[in-house]
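Thanks, everyone. Let me put the structure up, and then we'll walk through it one piece at a time.

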Amino acid sequence: MTIDCHEVERLLSSYYDGELDRPSVATVEHHLAVCRECRSELRRFEDLSSLVREDDRQGLVPPPQLDWNTFARQLRESKSYPAVAPANRRSGLLDPVAVSPRWRPAIIAASFLLAVGLSAWWSLSGPRATPGETNLEAFVRQFIRDPETAQMRLLAQYRGEPIRTTAVARHLGLPIPTRPSAGEPFRLVSLHKLRMPCCDCVEAVCTRNDGTKIAVFGHNCAARVRLGNGKSQQVRCDGKICQLIELPESRFAAKWQVGNVRLLVVGARNKAEIERLVEWLRPDLPSSHS
Amino acid sequence: MSAGASKPIASNPGPTRVDPALVARCQSGNPAAQQELYEACMPRVYRLATRLVGPQDAADVTQTIFLQAFSRLDQFQGAARFETWLYRLAVNEALQFLRRQKRYRSVPLETEPSANRDRSCLALEARELLDLAFAQIDPDLRAIFLLRESEQMSYEEIAQTLEIPAGTVGSRLNRARKQLQSVLSRLGWAP
């Protein structure tokens, strides 16, 4: 059987990679013996493979960031709490904002079974580990450059669950404005509960009017959150004492306290913006005023 | 067509195989096994990530891939080889990253056409050439090309990894190779 260049071209990768059956190999080789153009094409495949092999031979040394010890620390942090909260705590999965109504009955049933199992496990596994500090250095560095990827990794690391704004009020006693209105400096785009080593934290990602992002964390504990080695100073923002930390690329983080809640903002541009955030996040619940 | 019926023209020793018993020990929470698995697979995943998303973001993407892999390890049932499962996760993560970054074809051609360049300009390192070329071809084709040429997977393994019909692997590889050749020759590559 003879075939033309067009047909050989279609089969050439399979032939080159040794994935053709014997009759097809014979047919292709018969054509190659008489067609210089197709032989040239095949040679170009070989040249391409040589180029990749040459690059492979040069080797690629993974950066220290990928050492096992560094990675294992992240892995431990992401696994320091059980995957699902005990039975007496409401799961964010049940939150209507996160789940389509048609899945809710199934999720409720599955959650009940999980809760029963976990309650038994919980009672046998002893007390939770002493809450430790949370290291957000890598998140902070990446968030400034690439907020979407940083956010996705944060959610993977701390098993983020979407929650509603009402849950934030319940969890932190702190309402976060959600409806954009004229003159509003920020708009809420996502809200998650994160199981951090220090505590279950609420994280909000907000956009500025120009579409760029900042992240706001609310903690219910006094454990330390590491942000890096940037210079730190205390400033007064909208009447609040804030700790201002310099981040790479002329960005800032800021920490302040509202009642028992410790708020942390990552990615602010300047002190004026932090003042706007402090004002924006000022609670209107009397019980949560500091 | 059936796989393996003729002698391959390209050298194909195949990728390193991960021992299923090692994966099972990881699934039971053995930290030493987790380290062994990570150190066995990470360099290749990092290399794949470097070529898929570029050197600047490869380490972050690799970390994310392994965080996801370890957190989902209990979902690995052993029906396919572990590497297939891991590479599927890696390719999906890298392609999602690229979509988020909107970096498809984002690297401009910074070199002149080959006709205007002398031989000294062709001394670009293989890595530099490939980085430039990979950045300019369709990421899905980039992935299929790398799984074949660099990870030396069979068509069946590629199909499982990318969740595509096995019969389409050859034609996609044809397109990938043609696109790469075209870009490389515009970059002045003259083997």
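Start with helix H7 of chain B, residues 155–162. Six of its eight residues are buried, so the helix is largely enclosed by the rest of the structure. Keep in mind that this is a predicted model.

Which residues of H7(B) are buried? They are B:Tyr155, B:Glu157, B:Ile158, B:Ala159, B:Thr161 and B:Leu162. Note that a glutamate, B:Glu157, is on that list.

What covers them? The cover includes three helices of chain B: H4 (82–101), H6 (139–149) and H8 (169–186).

Next, the cores. In soluble globular proteins, nonpolar side chains tend to be buried together. Here the largest nonpolar core has 64 residues. Those with the most contacts inside this core are B:Val45, B:Ala49, B:Ala90, B:Ala94, B:Ala133 and B:Ile144. Helix H2 of chain B, residues 31–53, gives the most to this core, with 10 residues.

Take B:Val45 on its own. Leave aside its neighbours within four places in sequence. B:Val45 is then in contact with B:Thr62, B:Ile65, B:Leu86 and B:Ala90.

There is also a second, separate core, with 41 residues. Its members include A:Ile163, A:Ala254, A:Leu263 and A:Ile274.

Back to helix H2 of chain B, where B:Tyr38 lies. Is B:Tyr38 buried or exposed? It has 20 C-beta neighbours inside 10 Å, and the cut-off for buried is 20 or more, so B:Tyr38 counts as buried.

Who does B:Tyr38 touch, beyond its neighbours within four places in sequence? One partner is in chain B, namely B:Phe66. The others are in chain A: A:Trp68 and A:Phe71. As for B:Ala69, it sits 31 residues from B:Tyr38 in sequence, and the two are 9.9 Å apart in space, C-alpha to C-alpha.

That takes us to the contact between the chains. Chain A puts in 42 residues and chain B puts in 47. On the chain A side, five helices each supply at least two residues: H1 (5–16), H2 (22–34), H3 (36–58), H4 (68–78) and H7 (147–157). Which helix gives the largest share of that side? H3(A) does, with 12 residues.

And the make-up of that chain A side? It divides into 17 nonpolar, 13 polar and 12 charged residues.

That's the tour. Over to you for questions.

Key: Residues are numbered from 1 along each chain as its sequence is written. Chains are lettered from A and ligands numbered from 1 in the order in which they are written. This is a predicted model: local features need pLDDT of at least 70, side-chain atom pairs count only at pLDDT 80 or more; totals for chains, interfaces and linings use all residues. Two residues are in contact if their C-beta atoms, placed from the backbone, lie within 7 Å. Helices (H or I, at least four residues) and strands (E, at least two) are DSSP runs, numbered from the N terminus. Ala, Val, Leu, Ile, Met, Phe, Trp, Tyr, Cys and Pro count as nonpolar, Asp, Glu, Lys and Arg as charged, and the others, Gly among them, as polar. A residue is buried if 20 or more other C-beta atoms lie within 10 Å of its own, exposed if 12 or fewer, and partly exposed in between; C-beta atoms are placed from the backbone. A nonpolar core is a set of buried Ala, Val, Leu, Ile, Met, Phe, Trp, Tyr and Cys residues joined through C-beta atoms within 7 Å.
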